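Reader: I would like a close look at one part of this model. Please keep to what can be computed from the atoms.

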Amino acid sequence: VAVPYSVAYADLMRPIAAELRAAADAMTDPAETALVTYLRAAATGFETNDWPPADEAWAAMNARNSAWYVRVGPDETYWDPCSLKAGFHLTFARINPGSLEWQDRLTPLQNEMEGALALLVGNAYTARDVSFHMPDFIDIVLNAGDDRDAFGATIGQSLPNWGPVSDDGRGRTVAMTNLYTDADSMARRRRTAESLFTAEALALYTSDPAPGLLSTILHEATHNLGPSHEYRVNGQTDNEAFGGGLASMLEELKAQSGALFYTAMLRERGLIDETRQNEIYLDDMVWAMGHISIGMYTPSGQRKPYSQLAAVQVGFMMDRGVLTWDPDATAANGEDRGAFRVDFPAFPAAARKLMTLVMDIKATGNRAEAERIAARYVDGDVVPQATIRDRYNRAPRATMVYSVLR
């Protein structure tokens, strides 16, 4: 007989609830009332397995009423074989006030961004009146539980994934700004990029974190736009229409395709120039190569959402000549034979076509088309996955070491 986590794992969850209440009791800063309220609500969630009240308290926090970002509880489903049951995690970070500038710039565009998606597919999807927190920038202090991977770490997140706060578009979105900014990680990323792209394509490569950060902001914002997990087509949610693993991949594909699609909007609104636009496109393709390099499936056969969305994006761009794999080209490192060329002027139109395809699949519940693109780009031979994997595997992958400097 199925029982709630709070019953099955009471010996683990009750002590966590006690620790959260003790943390709330220990906080005396009157400026942190919102955080204290959340800690107490989360403690109750661990005892009752009723999480919406904690979500409500958490959604009331933001970069203007707390100096800290804390999220504790069950959220992401990546660790479940069927991508249905959430794992438990703790994210503890310091709010980076640099996010306020981009929040002020992008918040007025929220409904325009939602409307732009609806226009792509006509009557298949009706734009909603959206209102959500634009991304906060956070500096990670500690990741724990299912947030602490053996390699790498999440660089952006939009939560919660379900419940009233999610349904109403009142969730929170964050971009982790202090990950992969160390000298070793930056040097490894440049070396691997130089092994896969031509020198001409990498002329816009930069160590400035801004292109990647802006892409993360747009990715996470897109999670709050268009059809998402709870959107119903013919009475079915996306998990019911596509199955958990494929649904997770499609939602991440929507978000990352949104990062490409909305980049042109930022340029049109004068928020970025053409150079920054193309830097974002290049950064996104380098990011995609990294995820392709770690394979499409887990050892147990579960889809890797980010790896598969990356393969779909790269393959889609290859089919349209935006990315071209030239087996005779010399890579930027001057050593490897075979490299990608990039047609930057063609990127905006191709990004629009990709977003249209993804929106149509999600807005109509078109599982056959979702499986077709997965078969072509994930399981097919359009993308030179073996070459990408071999070149990335030359460089050792680093684990994250967490520390606090005072």
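How much space lies in the second largest pocket, and which residues line it?

Author: This is a predicted model, in which local features need pLDDT of at least 70 and side-chain atom pairs count only at pLDDT 80 or more, while totals for chains, interfaces and linings use all residues. Residues are numbered from 1 along each chain as its sequence is written, and side-chain values use heavy atoms, with hydrogens and water left out.

The second largest pocket holds about 630 Å³ of space. A pocket here is an open set of points on a 1 Å grid over the protein atoms alone, where a 1.4 Å probe fits, with protein on both sides within 12 Å along at least five of seven lines. The volume is the space filled by probe spheres set on the points, which are joined across faces, edges and corners.

The lining of this pocket consists of 34 residues, each with an atom within 4 Å of a point. Nearest the centre lie Asn-161, Ser-166, Ser-228, His-229 and Glu-230. By class, the lining has 17 polar, 9 nonpolar and 8 charged residues (nonpolar: Ala, Val, Leu, Ile, Met, Phe, Trp, Tyr, Cys and Pro; charged: Asp, Glu, Lys and Arg; polar: the others, Gly among them).

Strand E4 (156-159) gives the largest share of the lining, 4 residues. Helices H7 (164-167), H9 (210-223) and H11 (244-268) also supply at least two residues each. Helices (H or I, at least four residues) and strands (E, at least two) are DSSP runs, numbered from the N terminus.
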